[in-house]
Amino acid sequence: MKKDVENFYYLLHPRPVVLICSGNEKINIMACSWITPVSEEPPMIAISLWKEGYTCKLIESCKEFTVNIPSIDLIKAVWIAGTKSGKNVDKIALTGLKLSPSKKIKVPIIEDCIGHLECKLSKSLEVGECNLYVGEVLAAYAKEELLEKGLWSENAKVLLHSGGKIFTIPSKLTTVRI
Ligand SMILES: Cc1cc2nc3c(=O)[nH]c(=O)nc-3n(C[C@H](O)[C@H](O)[C@H](O)COP(=O)(O)O)c2cc1C
């Protein structure tokens, strides 16, 4: 027996949740789980953001953003970044996260995160209540000790969003043997 679900997109969770950082003088962060790679050559990702959010305005004005990958240690900061708007509060001050300069773009990275993508806005597309932003990845790097042959190890405790207030982490990596 299969039942209809209320939120179709939760069938596509758990999925990584990241912190998107953008802005010029005033830097802001938001939580985002609607993120996906879309091309390898050139390296591109896409993020889908609610049009009315502050981050949309910032990305449209500075045309750059960083994608910062948190481990489970940052779960509270992720929740704050995902439930408050930079229109009203300074989320960097509120979370206590530390910003560091990026390698290729002006927008900073969040030092406390375990991996980073520096992105230049390439294309945008209106989709329903969201804007889909396609970003070219100009730099990508991560904590070396948490990688195993270029993949996140279990030690990375990469934060995945299950839905609502529920999060999880990958607990058992399995190698396919055929
Ligand atoms: C785990 C989690 C994932 C989220 N994913 C997205 C997302 O993919 N797209 C989006 O527009 N909002 C998402 N949100 C909601 C935004 O982070 C939220 O609206 C935030 O207040 C926007 O901040 P801003 O106005 O400073 O840009 C998510 C929230 C949480 C808690």
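Hi everyone, let's start with proline 14, which lies in the segment before strand S1 (15-16). Strands here are DSSP runs (E) of at least two residues, helices are DSSP runs (H or I) of at least four, and both are numbered from the N terminus. The bond that joins histidine 13 to proline 14 is a cis peptide bond, with omega about 0°.

Before going on, a word on what we are looking at. This is a predicted model, where local features need pLDDT of at least 70 and side-chain atom pairs count only at pLDDT 80 or more, while totals for chains, interfaces and linings use all residues. Residues are numbered from 1 along each chain, as its sequence is written.

Back to the backbone. There is another cis peptide bond, from glutamate 41 to proline 42, with omega near 5°. Proline 42 sits in the loop between strand S4 (35-39) and S5. Two lysines also deserve a look. Lysine 63 is not a glycine, yet its phi is positive, about 60°. You will find lysine 63 in the loop between H1 and S6.

Lysine 63 has 18 C-beta neighbours inside 10 Å, so it counts as partly exposed. Lysine 157 is partly exposed as well, because 19 other C-beta atoms lie within 10 Å.

Now the record. UniProt, in an unreviewed entry, places the feature "domain: Flavin reductase like" at residues 11-153. Its positions are given in the numbering used here, feature names are shortened, and annotations may be inferred rather than shown by experiment. Residues 11-153 are 16% helix and 45% strand, and their end C-alpha atoms lie 25 Å apart.

On to the ligand. Which residues come nearest? Of the 21 residues around the ligand, they are Trp34, Thr55, Gly82, Ser85 and Gly86; near means that the C-beta atom, placed from the backbone, lies within 6 Å. Strand S3 (28-32), strand S5 (44-50), helix H1 (54-62) and helix H2 (75-83) each give two or more residues to this shell. S3 supplies the largest share, 4 residues. By class, the shell has 9 nonpolar, 10 polar and 2 charged residues. Here Ala, Val, Leu, Ile, Met, Phe, Trp, Tyr, Cys and Pro count as nonpolar, Asp, Glu, Lys and Arg as charged, and the others, Gly among them, as polar.

In H1, the buried residues are Tyr54, Thr55, Leu58 and Ile59. They cover an arc of only 130° around the axis, which puts them on the same side of H1. That arc is taken from the directions from the helix axis to the C-beta atoms. The cover over these residues includes strand S2 (18-22), S3, S5, strand S6 (64-69), strand S9 (115-127) and strand S10 (130-142).

H2 has Ala77, Val78 and Ala81 buried. Down the axis of H2, its buried residues fall within an arc of 100°, so they line one face of the helix. Lys76 and Thr83 are exposed on the other side of H2. The buried residues of H2 pack against S2, S3 and H3.

What about the core? A nonpolar core is a set of buried Ala, Val, Leu, Ile, Met, Phe, Trp, Tyr and Cys residues joined through C-beta atoms within 7 Å. The largest one has 37 residues, and those touching the most other members are Val18, Leu19, Ile20, Cys21, Ile29, Cys32 and Val78. Among the elements giving it two or more residues are S2, S3, H1, H2 and strand S8 (109-110). Beyond its neighbours within four places in sequence, isoleucine 20 is in contact with Ile29, Met30, Cys32, Ile47, Thr55, Phe65 and Val67; contact means C-beta atoms, placed from the backbone, within 7 Å.

Finally, the outside. Leucine 125 belongs to strand S9, and it is exposed, with 11 other C-beta atoms within 10 Å. Alanine 93, in helix H3 (residues 91-95), counts as exposed with 8 C-beta neighbours inside 10 Å.

Conventions: A residue is buried if 20 or more other C-beta atoms lie within 10 Å of its own, exposed if 12 or fewer, and partly exposed in between; C-beta atoms are placed from the backbone. Two residues are in contact if their C-beta atoms, placed from the backbone, lie within 7 Å.
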